[in-house]
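I opened the notebook to record what I looked up, one entry per topic.

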There are 6 protein chains.
Amino acid sequence: MDARADKSESTTRDERFARGLDVMSQVDGGLREQVLGSLADISPELGHQVVAWGFGEIYSRPELAPRDRQLVTLGMLTALGGCEPQLEVHINFSLNAGLTPQEIVEALLHSAGYCGFPRALNATMVAKKVFAERGLLPVEPGA
Amino acid sequence: MDARADKSESTTRDERFARGLDVMSQVDGGLREQVLGSLADISPELGHQVVAWGFGEIYSRPELAPRDRQLVTLGMLTALGGCEPQLEVHINFSLNAGLTPQEIVEALLHSAGYCGFPRALNATMVAKKVFAERGLLPVEPGA
Amino acid sequence: MDARADKSESTTRDERFARGLDVMSQVDGGLREQVLGSLADISPELGHQVVAWGFGEIYSRPELAPRDRQLVTLGMLTALGGCEPQLEVHINFSLNAGLTPQEIVEALLHSAGYCGFPRALNATMVAKKVFAERGLLPVEPGA
Amino acid sequence: MDARADKSESTTRDERFARGLDVMSQVDGGLREQVLGSLADISPELGHQVVAWGFGEIYSRPELAPRDRQLVTLGMLTALGGCEPQLEVHINFSLNAGLTPQEIVEALLHSAGYCGFPRALNATMVAKKVFAERGLLPVEPGA
Amino acid sequence: MDARADKSESTTRDERFARGLDVMSQVDGGLREQVLGSLADISPELGHQVVAWGFGEIYSRPELAPRDRQLVTLGMLTALGGCEPQLEVHINFSLNAGLTPQEIVEALLHSAGYCGFPRALNATMVAKKVFAERGLLPVEPGA
Amino acid sequence: MDARADKSESTTRDERFARGLDVMSQVDGGLREQVLGSLADISPELGHQVVAWGFGEIYSRPELAPRDRQLVTLGMLTALGGCEPQLEVHINFSLNAGLTPQEIVEALLHSAGYCGFPRALNATMVAKKVFAERGLLPVEPGA
């Protein structure tokens with residue numbers, strides 16, 4: 001199944017879920033089990049909607065490249081505040097989608113002017129945790 | 001003393017505090033000690049105002065049922081973000097006020113469309129913690 | 001078509017859109033034209049998703065009554081701030097779903113303790129506009 | 001009546017309201033009529049609570065000078081966003097409480113580092129409106 | 001002067017301001033006059049800092065392309081809410097920096113899942129205004 | 001070097017950084033090492049900007065006294081939510097800048113009316129942690 005092709009009007013709930021799982025596998029191997037697993041006994045419908053709608057219906061649209069979606073998402077999660085768990089997931093996504101550590105760090109520096117230093121600092125500390133886990137520290141400043 | 005009856009113009013600060021304590025006891029046995037205790041050595045006036053104003057003056061008004069107040073409150077705390085401690089208290093309140101686990105879970109699913117998935121997911125994880133402590137997992141999906 | 005019955009796994013994108021339109025018609029006669037019309041030349045997909053996902057997939061679920069969804073929604077929109085256009089739509093929905101003007105006003109008074117007076121005041125001014133348009137002023141205080 | 005003296009436990013709802021009106025008169029001549037008037041036919045209880053609780057119970061406490069309360073308030077209203085009407089009221093209060101136009105402008109410049117430029121710019125435009133109405137433009141930069 | 005080259009430790013306040021003006025001219029011809037003009041009589045220092053720090057020190061860094069900065073910025077301004085004036089400026093920037101109307105609309109659709117529909121709708125209405133002024137409506141959906 | 005004197009147009013990046021370090025030393029002995037150290041391997045430029053811009057360019061301006069800047073900052077960090085790490089730093093600053101524990105506690109009580117009780121409670125719990133570390137508990141209520 002081509003995760004990015006099908007937007008026909010007859011796509012079913014099942015098919016959107018399958019497409020969302022496909023997209024999630026491409027951006028992060030363990031994510032779908034983590035999301036669906038943690039919600040299984042409390043809100044499986046929320047898990048379904050994250051997968052089928054968030055990934056199967058929105059994220060999979062070809063109108064914006066995954067790398068570009070991640071730039072938008074980093075901006076939103078930093079601005080919202082209190083989204084450290086989601087930021088951790090999406091900084092991993094961002095690396096998987098082709099953003100470099102330097103670009104991620106720069107996006108968070110850039111956020112200081114729009115959201116202020118506290119949001120920028122908190123997001124950068126999440127990036128530091130992710131980069132440490134993936135052996136990407138220290139981040140070399142741009143030439 | 002009838003916690004819901006007295007709104008006469010001559011209610012004193014003492015009487016409002018007593019009414020607030022009454023209301024708090026009805027929604028959560030241990031809450032008043034927890035709130036007042038944690039604030040006793042730093043801001044007893046904030047503790048007083050949570051009890052006397054928040055509960056004695058606002059929450060106790062009969063114009064909206066406690067169950068309905070909790071639906072509004074779940075929406076606000078989810079939307080605000082960063083209110084996990086208060087959400088934990090109010091998910092307990094919500095159960096005590098008669099909302100079912102299914103209704104609470106559905107309210108948080110509903111929030112995804114207005115606040116986005118990160119807020120909905122964070123609030124749902126708080127509900128999972130509360131439900132686990134009260135032996136309410138797994139939550140059975142609606143029929 | 002029963003707007004609240006169908007959650008089978010084979011529901012298509014078309015069917016969800018139709019169900020969403022049905023639900024919207026029940027809560028507000030002119031809303032679907034307004035949403036779809038204003039987005040037609042800029043983001044018809046966003047219009048589709050508001051209808052098919054927001055209403056067809058989430059709002060239509062029977063796990064929470066429409067009146068109760070509106071209480072949650074009033075709380076969220078008040079807390080988020082800057083959502084006056086959506087609050088106007090949803091205060092109309094709330095009346096249509098069976099909330100009384102007194103209950104709506106009380107929900108917004110209740111919000112003061114969680115979001116502060118500025119959010120409560122701004123939301124109350126939106127309610128005043130909607131109530132004026134529908135001939136519901138003055139709102140009689142509770143007995 | 002001394003607006004700042006009475007915190008005895010027997011203060012009634014009536015007395016707190018009267019004290020709040022006193023405090024409001026001191027910070028802004030027309031404000032009490034404006035707040036109470038605009039809420040009279042929709043939520044007189046919200047008007048009562050702004051006066052009796054916000055001003056009569058909190059603002060009137062001597063533990064922090066009115067000028068200092070205004071500095072905290074300018075910070076909060078700027079950070080919250082979407083509170084332009086309240087910011088307009090409180091920039092007037094701030095002038096009345098003894099803050100100079102230079103100090104107000106500097107507080108809003110200071111906010112850029114914590115909330116970002118958009119919030120700082122929006123708040124500064126509100127200050128510009130208030131200062132223009134009071135003939136305080138241009139604001140002379142510090143020496 | 002090359003707006004993107006100079007980060008030497010001896011750059012002066014004057015030079016950063018000049019660099020910021022250069023960068024602003026590249027993204028939007030009339031912006032610098034608009035920002036500096038509107039702040040001239042109230043907070044010229046805020047105007048200076050938007051130019052010299054926001055553009056001269058941060059935006060001009062080569063570590064992230066202007067187009068990519070705009071994706072992050074669209075995400076932040078949408079998430080923050082209440083930033084319609086800044087969103088209008090930055091949707092213009094985004095077009096000037098090479099984002100297509102389709103990409104901008106898609107970024108705002110994408111935001112629905114993270115910030116909710118109200119923020120996505122409000123931002124899309126700002127885009128509609130900007131696109132209308134620039135003769136870019138209707139936006140053709142992706143193939 | 002006088003940290004508060006130099007705003008000449010020829011101040012260099014190096015000099016602003018040095019001035020920022022000076023200001024930080026005055027408000028908190030260990031802070032500069034903490035900020036610069038935690039960012040050294042991930043985003044030294046963010047560390048530079050906190051010091052050189054946040055402190056060297058903004059905080060050091062004489063137009064508002066450090067004590068007054070702290071009142072604005074306490075308001076902003078409380079209102080933003082999710083800024084507990086920064087609030088901890090700034091409650092320490094506030095004490096160092098001359099605010100008394102009573103004034104800090106009162107500023108946070110005051111915030112309840114503008115941001116709601118959850119933000120006020122979370123900020124007060126941070127203050128309790130800082131005051132405990134500095135041996136300032138219990139805080140004596142005002143006379």
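**Entry 1**

I start with the cut-off: a residue counts as buried when its relative accessible area is under 20%. The model is a predicted one.

I applied that cut-off to H4(B) first. Of its 15 residues, 13 are buried, so the rest of the structure largely encloses H4(B). The helix covers residues 66-80 of chain B. From first C-alpha to last I read 21 Å, close to the 21 Å expected at 1.5 Å a residue. What comes after H4(B)? I found B:Gly81 there, with a positive phi near 75°.

**Entry 1: helix H7 of chain A**

I turned to H7(A), residues 117-133. This helix has 17 residues. Its end-to-end C-alpha reach is 24 Å, close to the 24 Å expected at 1.5 Å a residue.

How many residues of H7(A) are buried? I noted 12 of 17, so H7(A) is mostly covered by the cut-off of under 20%. Among the buried ones are A:Phe117, A:Pro118, A:Arg119, A:Leu121 and A:Asn122. Further along, the buried set includes A:Val126, A:Ala127, A:Val130 and A:Phe131. A:Gly135 follows the helix, and its phi is positive, near 65°.

I picked A:Thr124, which sits in helix H7 of chain A. Its relative accessible area is 2%, so A:Thr124 is buried. Which residues does A:Thr124 touch, beyond those up to four places away in sequence? I listed A:Leu108 from chain A, and F:Leu39, F:Ile42, F:Ser43 and F:Leu46 from chain F.

Then I took A:Glu84, in helix H5 (residues 84-96) of chain A.

**Entry 2: H5 and H7 of chain C**

I looked next at H5 (residues 84-96) and H7 (residues 117-133) in chain C. At what angle do they pack? The angle is about 55°, and the axes are 9 Å apart. H5(C) and H7(C) are therefore oblique to each other. I recorded their crossing as right-handed. On the H5(C) side, the contact residues are C:Glu84, C:Leu87, C:Glu88, C:Ile91, C:Asn92 and C:Leu95. On the H7(C) side, they include C:Asn122, C:Ala123, C:Val126, C:Val130 and C:Phe131.

**Entry 3: H3 of chain B against H3 of chain D**

I then went across chains. H3 of chain B and H3 of chain D, residues 44-59 in each, pack at an angle of about 165°. Their axes are 13 Å apart. That angle makes H3(B) roughly antiparallel to H3(D). H3(B) passes H3(D) in a right-handed crossing. Which residues make the contact? From H3(B) I noted B:Gln49, B:Trp53, B:Glu57 and B:Ile58. From H3(D) I noted D:Gln49, D:Trp53, D:Glu57 and D:Ile58.

**Entry 4: relations between copies**

I laid chain E on chain A. A turn of 180° with a shift of 0.0 Å along the axis does it, at an RMSD of 0.0 Å. The two copies are thus related as by a two-fold rotation axis. The same surface serves both copies, since 100% of the contact residues of chain E recur in chain A.

**Entry 5: cis peptide bonds**

I closed with omega angles. The bond from B:Leu137 to B:Pro138 is cis, with omega near -5°. B:Pro138 lies in the segment after helix H7 (117-133) of chain B. In chain D, a cis peptide bond joins D:Leu137 and D:Pro138, with omega about -10°. I placed D:Pro138 in the segment after helix H7 (117-133) of chain D.

Definitions and conventions
Residues numbered from 1 in each chain as written. Chains lettered and ligands numbered in written order. Predicted model: local features only at pLDDT ≥ 70, side-chain atom pairs only at ≥ 80, totals over all residues. Heavy atoms only, no water. Helix = DSSP H or I, 4+ residues; strand = E, 2+ residues; numbered from the N terminus. Expected span 1.5 Å × (residues − 1). Buried < 20%, exposed > 50% of the residue type's maximum accessible area, 1.4 Å probe, protein only. Least-squares fit on C-alpha atoms with pLDDT ≥ 70 in both. Contact = heavy atoms within 4.5 Å. Axes fitted to C-alpha atoms, helices over the stretch in contact; angles between N-to-C directions. Parallel < 35°, antiparallel > 145°, perpendicular 65-115°, else oblique. Left-handed = near helix turned anticlockwise from the far one by under 90°.
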